[in-house]
Amino acid sequence: MNEIIEPLNPIAFKLGPIPVHWYGIIIGSGLALALFLAIREGNRRGLPKDLFADLMLWAIPIAIISARIYYVIFEWKYYVKHPIDIPQIWTGGIAIHGALIGSVITAVVFAKKRGISFWKIADIAAPSIILGQAIGRWGNFMNQEAHGHEVSLSFLQSLHLPDFIINQMNIEGVYYHPTFLYESLWDFAGFFLLIVLRRVNFRRGELFLSYVIWYSIGRYFVEGLRTDSLMLGSLRMAQTISIALIVGAIAIILYRRQKKIAEARYLDQANV
């Protein structure tokens with residue numbers, strides 16, 4: 001019989017009767033650090049000091065709503081029978097691709113209203129976005145979710161993981177792939193890569209599109225190991241969208257270069 005290992009408590013503390021979950025603390029910490037870095041880099045690139053804080057006030061709630069809508073759409077067979085559960089995001093069920101779609105649309109509208117280049121904002125925010133994703137995956141770790149298929153204890157030990165990760169991947173006596181960790185490490189690597197690429201002084205927009213390509217490559221492979229994928233028939237939606245994003249980002253880079261509509265560089269101070 002497999003040993004039952006007590007998981008880490010997903011509740012950090014309580015404020016009276018209200019439980020404060022590690023998931024929320026970790027996500028909030030990732031957002032705060034991402035915002036701090038974006039504001040600092042935005043100041044260096046000549047953007048108003050309050051620009052990213054103002055953007056976040058719109059982007060965060062819209063991202064949460066769009067992430068939930070995205071999830072509900074692909075789980076409609078359940079939610080059409082349980083509509084009262086649709087707004088209950090605290091029970092789980094949000095999708096990062098939905099959040100990204102909502103955030104990008106919000107940023108496009110916001111940039112237009114402020115008279116600032118969307119691509120400049122996106123380039124500055126790109127390292128912050130992927131860093132926030134890298135940190136946020138540890139919220140999944142605390143909830144024992146977003147894991148992969150069943151594996152053996154010896155497999156996890158062969159990865160030289162610390163015991164607290166191995167133990168948390170034991171769910172009711174069964175060990176699973178720590179896919180949260182795979183994606184988190186890929187995202188951390190992407191963060192440092194983007195920091196380096198900033199110095200290359202890419203054409204405006206290409207740093208953000210590099211983020212899209214990097215993240216999508218990692219997500220495609222990690223998604224193939226997960227057990228909770230959103231499906232469209234036999235297709236894993238995250239993998240399908242990842243392929244589309246990779247192809248689309250490369251096509252946009254090539255098109256903008258060919259048409260010479262990407263002549264401004266990352267280090268340029270002009271906002272337009």
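At what angle do helix α9 and helix α10 pack, and how far apart are their axes? In this predicted model, helix α9 (residues 206–223) packs against helix α10 (residues 237–258) at an angle of about 155°, and the two axes lie 8 Å apart. Angles over 145 degrees count as roughly antiparallel, so α9 is roughly antiparallel to α10. The crossing of α9 past α10 is left-handed. On the α9 side, the contact is formed by Glu-206, Leu-209, Val-212, Ile-213, Ser-216, Ile-217, Arg-219, Tyr-220 and Glu-223. These residues meet Ala-238, Gln-239, Ser-242, Ile-243, Leu-245, Ile-246, Ala-249, Ile-250, Ile-252, Ile-253 and Arg-257 of α10. By residue class, the contact of α9 with α10 comprises 13 nonpolar, three polar and four charged residues.

A further helix pair is formed by helix α1 (residues 22–44) and helix α5 (residues 118–143), whose axes come within 8 Å and cross at roughly 170°. The angle therefore makes α1 roughly antiparallel to α5. From α1, the contact involves Trp-22, Tyr-23, Ile-26, Ile-27, Gly-30, Leu-33, Ala-34, Leu-37, Ala-38, Glu-41 and Gly-42. The residues contributed by α5 are Ile-124, Ser-128, Leu-131, Gly-132, Ile-135, Gly-136, Trp-138, Gly-139, Asn-140, Met-142 and Asn-143. The contact of α1 with α5 divides into 13 nonpolar residues, eight polar residues and one charged residue.

The strands were examined next. An open sheet is built from three strands in the order β3-β5-β4, with antiparallel pairing. Strands β3 (150–151) and β4 (170–171) stand at the edges of this sheet; each has a single partner strand, so one side of each is left without a neighbour in the sheet. The pairing of β4 with strand β5 (residues 174–176) is antiparallel and runs over two bridges. Asn-170 has Tyr-175 in β5 as its bridge partner.

For the protein as a whole, ten helices and seven strands were assigned. The radius of gyration is 20 Å, close to the 19 Å given by the globule rule for 272 residues, so the protein is as compact as a globular protein of that length. The C-alpha trace spans about 65 × 45 × 35 Å along the principal axes of the protein.

Notes:
Residues numbered from 1 in each chain as written. Predicted model: local features only at pLDDT ≥ 70, side-chain atom pairs only at ≥ 80, totals over all residues. Heavy atoms only, no water. Pairing = 2+ DSSP bridges. Helix = DSSP H or I, 4+ residues; strand = E, 2+ residues; numbered from the N terminus. Axes fitted to C-alpha atoms, helices over the stretch in contact; angles between N-to-C directions. Parallel < 35°, antiparallel > 145°, perpendicular 65-115°, else oblique. Left-handed = near helix turned anticlockwise from the far one by under 90°. Contact = heavy atoms within 4.5 Å. Nonpolar A, V, L, I, M, F, W, Y, C, P; charged D, E, K, R; others polar. Rg over C-alpha atoms; globule rule 2.2 N^0.38 Å.
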